[in-house]
Amino acid sequence: MPVKSITTTPYDGQKPGTSGLRKRVKIFQQENYTQNFIQATLDAMPSPGAKESTLVVGGDGRYFSTEAIQIIIRVAAGNGVSKLIIGKNGILSTPAASNLIRKRKANGGILLTASHNPGGPDNDFGIKYNVSNGGPAPESVTNLIYEYTKKCNQYHICDMPEIDLSKIGVQTIDGFTIEIVDSVNDYAQLLKEIFNFEQIKQFFKNNPNFKVLFDGLHGVTGPYAERIFVEELGLSRSSIQNCTPLPDFGGSHPDPNLTYAHSLVERVERENVNFGAASDGDGDRNMIYGKNAFVTPSDSVAVIAAHAEVIPYFQKSGVKGLARSMPTSAAIDLVAKKKGLEIFEVPTGWKFFGNLMDAGRLSICGEESFGTGSDHIREKDGVWAIVAWLNIIAAVNEKRPGVGIKEILLEHYQIYGRNFFSRYDYEEVESECANKMVEHLRHLIGVGKDDFIGKTFGQFTVKEADDFEYCDPIDGSVSKNQGVRIIFTDGSRIVIRLSGTGSQGATIRLYVEKYSQNVSEYESDTQEALKPLIDVALQISKLQEFTGRAKPTVIT
């Protein structure tokens, strides 16, 4: 195929964040904007580079995905890529893409997703590059992509017919191969190798009144839910809802939390559903919710780690270590201590877990932002976490029939105590206001630290404070300014950081955590238990004063 080199002009601001480049659709639709970024991504690919490489391509099906994939195909061909493996109709969950990269030994993958952000012509789109281990590109690669975007004055492209993404099979054009694959098959097979599907099916057979409800939020996991929950585990189709992927996610946020998955929450409570679950736009996040029993992500990963021995994958490989992102509650730390396992605290961003997994030091990990996973792939995995809970419930019920989500949580608290935890999100805040608030906090813990340490706010006295810094124990890389931490003498803490997952403005995330070994508190409402600490967090940060926001956009 003839290759054309098209003259272009660099765009400002094409800097990938923790999960790729996310902007409004209309920005990606600008002339050559997407072509420039794909060219820069291919230029920045680690050795041996793009030429003769194999790449996996797919995404969450959001608006502009089809057009973007056709651009990727033509630019990849123009840069000498040997083969593209593409999910049918462009659909591949982020965990499924990670698995395909690893299984096919691809050089990397280009994922079209803005995760839990809303979709549609007036909303968000995203492009993310994953490396050969199946995980998100490290900062060394994303920084290089950004450098290439700043000097991109031409891109290389082949003029070729539009590829039919709906037809499974292999097409070869002048030595350039395009393979369209079933989006679900390889991933479903992976989960069947990890979990005891027969045990779960037997549990459902023995407990016909045990109700399950999965909500796909019109994201990518709909086809995965049909295959795994209905076809493989034998649940009725009434056990799944909103499982048709839509380019605008039905007009809502595909974000599995108490705010945006309200339809699931309402049905679980109204219909006495024993096990409710939801996943996000690209399938890497999850929420577990039973009647009167919301499982915080921090508790979820701790419970999975505590019961890992019932999951066949860990029976074979053992549990090598545990980890969490810094803002996530320390519940999993307590499991690690009791089981004598290594525990890691890393910055927010799944790529930090990947190094530890590749080095054989990490098996189970999680982020408070509804991300949970293990070393079976190099991404967080929403459906994996949901099936893990079903496997645990099935196993526990063989010894103690009638145990559900709430009972498992309370038993966990009896052993480890309870880490009350909540996150307040303030979305699309004026960037200048958010930055001034962070400057104020950094002054408190920097120049003003001598006065701040030891200061008392109500019942809380400041013990220590810093801006989290992480030195990777594998490659020695250092990540600074990852979030302001304020830790009090009773072990409670608050964390404040700016998120890099929004497409415009700034998202302020405020995290509050209080540890309790008081049995009488274990069934308390989280927000009531944390209210005194939340008040202190707002007082110290002056968040309302700097931003003008009287309340958060989302509480989780």
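In what order do the 7 strands of the open sheet run? Going across, the order is β2-β6-β5-β3-β4-β9-β8, and the pairing is mixed. Keep in mind as you look around that this is a predicted model.

At the edges of this sheet sit β2 (21-24) and β8 (169-173), each of which pairs on one side only. From one strand to the next, the twist averages 15°.

Let's zoom in on one pair. Strand β4 (residues 83-91) runs parallel to strand β9 (residues 176-181), and 5 bridges link them. In that pairing, I86 stands opposite I180 of β9.

Now for the helices on the sheet.

| Helix | Residues | Strands involved | Direction |
|---|---|---|---|
| α2 | 33-43 | lies across β2, β3, β5 and β6 | about 15° to β6 |
| α3 | 65-78 | touches β3, β4, β5, β6 and β9 | about 170° with β4 |

Two packed helices are described by the angle between their axes and the distance between the axes. For α6 (residues 185-194) and α14 (residues 382-399), the axes come within 11 Å and cross at roughly 30°. That crossing is right-handed. On the α6 side, the contact is made by Y187, L191 and I194, while α14 brings V383, W384 and V387. What classes of residue make up the contact of α6 with α14? It has 6 nonpolar residues, with no polar and no charged ones.

Note on methods
Residues are numbered from 1 along each chain as its sequence is written. This is a predicted model: local features need pLDDT of at least 70, side-chain atom pairs count only at pLDDT 80 or more; totals for chains, interfaces and linings use all residues. Side-chain values use heavy atoms; hydrogens and water are left out. Axes are lines fitted to C-alpha atoms, for helices over the stretch in contact, and angles run from 0 to 180 degrees between N-to-C directions. Helices (H or I, at least four residues) and strands (E, at least two) are DSSP runs, numbered from the N terminus. A crossing is left-handed if the near helix is turned anticlockwise from the far one by less than a right angle, and right-handed if clockwise. Contact means heavy atoms within 4.5 Å. Ala, Val, Leu, Ile, Met, Phe, Trp, Tyr, Cys and Pro count as nonpolar, Asp, Glu, Lys and Arg as charged, and the others, Gly among them, as polar. Two strands pair if DSSP finds at least two bridges between them.
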